[in-house]
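Good morning, and thank you for coming.

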Amino acid sequence: MINQVGQSEDGGVDIRGVMLNKEIGLYAASIVASSKLDKDIKAVDPTNIQFDKGTGDFMIHIPGPIEDLFYG
C-alpha cells in the first residue's frame, strides 16, 4: 500500500508505503505513463529501495530529474 508520493530534491520521486503481506518484499519499481503501461519512463532495482522486513515499511527513490512528472 502506497501512502505517500512526493518529488525528491533531485526532481525524481520518493515513494513511501507498507507491504500488506509481510511474507513478500519489493524487487523493482517503475514509473509508467497511463497511456503506455508497457513502457517504463524510469525504473529502479533494489539499490534504490529501502525495506524493513520487520514492519513491512518501504521507501523507494526513483532518481530524477524526470520532466513533466509533477505539476504545480
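Along the sequence, the protein reads β-β-β-β-β-β, with 0 helices and 6 strands. Here helices (H or I, at least four residues) and strands (E, at least two) are DSSP runs, numbered from the N terminus. The model is predicted, so to speak of it with care: local features need pLDDT of at least 70, side-chain atom pairs count only at pLDDT 80 or more, and totals for chains, interfaces and linings use all residues. Residues are numbered from 1 along each chain as its sequence is written, and side-chain values use heavy atoms, with hydrogens and water left out.

Let us turn to the sheet. Four strands form an open sheet in the order S1-S2-S6-S5, with antiparallel pairing; two strands pair if DSSP finds at least two bridges between them. Strand S1 (2–7) and strand S5 (49–51) stand at the edges with a single partner strand each, so one side of each lacks a neighbour in the sheet. Strand S2 (residues 13–18) pairs with strand S6 (residues 57–62) over 6 bridges, and Ile15 has Ile60 in S6 as its bridge partner.

Next, the core. The largest nonpolar core has 11 residues, among them Ile15, Phe58 and Ile60. Such a core is a set of buried Ala, Val, Leu, Ile, Met, Phe, Trp, Tyr and Cys residues joined through side-chain atoms within 4.5 Å, where buried means under 20% relative accessible area (1.4 Å probe, protein chains only). S6 gives the most to this core, with 3 residues. Of the 72 residues of the protein, 25% count as buried.

Note on methods: Buried means under 20% relative accessible area, exposed over 50%, partly exposed in between (1.4 Å probe, protein chains only).
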